[in-house]
Amino acid sequence: MSPLIHFMASWLVAVATTENPRDRRLITIAGVIPDIDGFGMIADVVKSIATGEPTTFFYYQRYHHYLGHGWPAAIVFTLAFACLARQRWRTALLCLAMFHLHLLCDFIASRGPTPGDIWPILYGEPVSRHPVWMWKGQWQLDGWQNRIIAVLLVFAVLGVTARRGISCLEVFSRRLDAGFVRVIQKWYSAFRPGPKPQENTRPQDQI
Ligand SMILES: [Zn+2]
């Protein structure tokens with residue numbers, strides 16, 4: 001699935017399970033971090049610009065789903081995030097869960113444009129070539145199923161933003177988050193008269 005879907009899904013889980021913003025941020029990032037191995041695309045583009053040759057996406061094809069989508073990366077990231085967390089054991093377990101939710105989503109819905117263009121989960125890479133998991137019925141990456149899920153997640157994220165006074169932008173910036181929450185709660189109040197939604201309580205939150 002797309003990084004945006006992974007991001008929204010893991011943030012919603014983080015919000016449902018975790019009170020403090022720092023651990024929510026770590027859990028959310030854990031749900032997206034496997035795709036860091038797709039950054040080879042940047043090297044491909046830079047190389048293409050530098051040489052003037054057409055982009056072949058060599059590094060992207062070579063490393064995406066190889067470096068960051070297996071148990072070795074899961075262990076490394078979980079340990080690293082646990083060290084940064086306030087509630088270490090709880091956050092470690094949730095980070096591990098979000099990492100594997102990412103793998104499950106990719107397993108279900110990351111196919112290329114043709115039916116045979118299936119993305120396998122190389123769970124042992126880069127340490128071992130085994131096990132390898134793939135599903136013949138894998139949904140297309142930009143297929144209708146993923147679009148519907150993305151739309152549902154957007155509504156869920158906006159709903160949480162309006163009711164809880166926190167948004168997924170808290171992962172990047174508290175200031176951005178506060179501004180976005182104000183706008184969404186204003187709209188929420190305008191379209192749904194009645195008791196005011198919960199005010200933003202983040203100033204009392206621990207970082
Ligand atoms: Zn992925």
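Which elements are included in what covers the buried residues of H2? This tour of a predicted model begins with that question.

**First stop: helix H2.** Select residues 21–30, which form helix H2. Eight of the ten residues of H2 are buried, so the helix is largely enclosed by the rest of the structure. The buried residues are Asp 23, Arg 24, Arg 25, Leu 26, Ile 27, Thr 28, Ile 29 and Ala 30. Their cover includes H1, H5 and H6, which answers the opening question.

**Second stop: helices H5 and H6.** Now select H5 (residues 71–84) together with H6 (residues 88–108). Two packed helices are described by the angle between their axes and the distance between the axes. Here the angle is about 145°, and the axes are 9 Å apart. The crossing of H5 past H6 is right-handed. To see the contact, display Ala 74, Phe 77, Thr 78, Phe 81 and Ala 82 of H5, which meet Arg 88, Thr 91, Ala 92, Cys 95, Leu 96, Phe 99 and His 100 of H6. By class, this contact of H5 with H6 comprises eight nonpolar, three polar and one charged residues.

Centre the view on Phe 77. Apart from neighbours within four places in sequence, Phe 77 is in contact with Ala 30, Ile 33, Cys 95 and Phe 99.

**Last stop: the nonpolar core.** The largest nonpolar core has 38 residues, and Trp 11, Ala 30, Phe 77, Cys 95 and Phe 99 have the most contacts inside it. Helices H1 (3–17), H2, H5, H6, H7 (144–164) and H8 (174–191) each give two or more residues to this core. H6 gives the most, with eight residues.

Technical notes. Residues are numbered from 1 along each chain as its sequence is written. This is a predicted model: local features need pLDDT of at least 70, side-chain atom pairs count only at pLDDT 80 or more; totals for chains, interfaces and linings use all residues. Axes are lines fitted to C-alpha atoms, for helices over the stretch in contact, and angles run from 0 to 180 degrees between N-to-C directions. Helices (H or I, at least four residues) and strands (E, at least two) are DSSP runs, numbered from the N terminus. A crossing is left-handed if the near helix is turned anticlockwise from the far one by less than a right angle, and right-handed if clockwise. Two residues are in contact if their C-beta atoms, placed from the backbone, lie within 7 Å. Ala, Val, Leu, Ile, Met, Phe, Trp, Tyr, Cys and Pro count as nonpolar, Asp, Glu, Lys and Arg as charged, and the others, Gly among them, as polar. A nonpolar core is a set of buried Ala, Val, Leu, Ile, Met, Phe, Trp, Tyr and Cys residues joined through C-beta atoms within 7 Å. A residue is buried if 20 or more other C-beta atoms lie within 10 Å of its own, exposed if 12 or fewer, and partly exposed in between; C-beta atoms are placed from the backbone.
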